[in-house]
Amino acid sequence: MAGSPALLLLLGLGLCCPGVQVQAYRMTARFRDSSITQPRLGQQLELECVGAREDSGVFWVRQDKDGTLRFIVFISALPRTTFEGNKRTSTRFEARKLGSVYYLVVKSFTPGDEGNYFCLMNSNQMLYFSRGQPAFIPVTTTTAPTVPAPTTHSGITKKDPCPKTPDPETSKEKKLDFFCDIFIWVPLSGTCLLLLIALIVTTVLCQQTRRRRCRCKRPVNGKPNAKPRTPNQHT
C-alpha cells in the first residue's frame, strides 16, 4: 500500500527509540497454537495479535534476518485486508479479524518467511507495536556415524609397547658358555678325525700285506726247500 514506506519508517523509529512506545495498549504477537515453539518447513503457521482496539486497524510486518522490515498486510476495522502492492489477496498469506483479535496465516512456511513478526496499531497519531515473535525453522544437525571399536582376537599376540633391554650380566654368561663350547668341541672333533684317519690307514696297510703274502709259491709236499725224490734203480 502507498503508506507502507512511512509505516516502516515509523516502526524503525519505534524500535530504535523506546520513547515512541506508549504503554496504554499492550499488544502481543504470538503463535495461535501455544504448543508451537518453532515452525516446520511447509507448515501452515497462524499468528494472532491481541490487545489492539476493535475500531483501529492493525499492520503485520516482518523483520528479516538481515534486519530489513517488510510490510505484509493491513487489516482494517471493517475488516478489509490490503496486502503488498495494494492487493486484496496474497498467494502466501491470509489475514482476518475476529473481535479484537487480528490473525495472520502463513500458508506454507519457507526459509524466506523466517524472521521476527510484529503487529502495529496507529491510534490518535500514536504508534503502538508489539514485541517481536521469532519464527525460525529449527536447524537440523547431522551426526557422524559411530565407528565401532576394533575387536581384539585371542589368537593375535599384542606387541609389547615397552621392549625390555637385555641384562649385561646375562649376555656375558652366554658369551662365556659359547667360548667353553668351542674349547671343548673343537679338540674333541679333531681327535675323532685323527682316529678315523688312523683307522683308514691301518685298514689299507693290512690289505696290502695280505696281498703280498698271497703272491708267494707254495712248497712241494708241504715242506719248504724239499728236493723231489728219485726212484731207486735196481741192477
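User: Thanks! Are C49 and C119 buried or exposed?

Analyst: Both C49 and C119 are buried. Keep in mind that this is a predicted model.

User: Got it. What joins C49 to C119?

Analyst: A disulfide joins them, with an S to S distance of 2.1 Å. The structure holds one disulfide. The pair links distant parts of the chain: C49 sits in strand β2 (residues 45–50) and C119 in strand β8 (residues 115–123), 70 residues apart.

User: And what handedness does the link of C49 and C119 have?

Analyst: That link is right-handed, with 70° about the S-S bond.

User: What kind of bond is a disulfide, by the way?

Analyst: It is a covalent bond between the sulfur atoms of two cysteines.

User: Switching topic: which residues form a nonpolar patch on the surface?

Analyst: The patch is formed by L193, L194, L196, I197, L199, I200, V201, V204 and L205. Together they have about 840 Å² of accessible area.

User: Let's pick L199. Where does it lie?

Analyst: L199 lies in helix α2, which covers residues 168–215.

User: Why does L199 count as exposed?

Analyst: Its relative accessible area is 54%, and exposed means over 50%, so L199 qualifies.

Notes. Residues numbered from 1 in each chain as written. Predicted model: local features only at pLDDT ≥ 70, side-chain atom pairs only at ≥ 80, totals over all residues. Heavy atoms only, no water. Patch = residues over 30% accessible without salt bridge, like charges linked within 9 Å, V, L, I, M, F, W, Y side chains within 5 Å. Areas by Shrake-Rupley, 256 points an atom, 1.4 Å probe, with all protein chains shown as cover. Salt bridge = Lys/Arg side-chain N within 4 Å of Asp/Glu carboxyl O. Helix = DSSP H or I, 4+ residues; strand = E, 2+ residues; numbered from the N terminus. Buried < 20%, exposed > 50% of the residue type's maximum accessible area, 1.4 Å probe, protein only. Disulfide = S-S within 2.5 Å.
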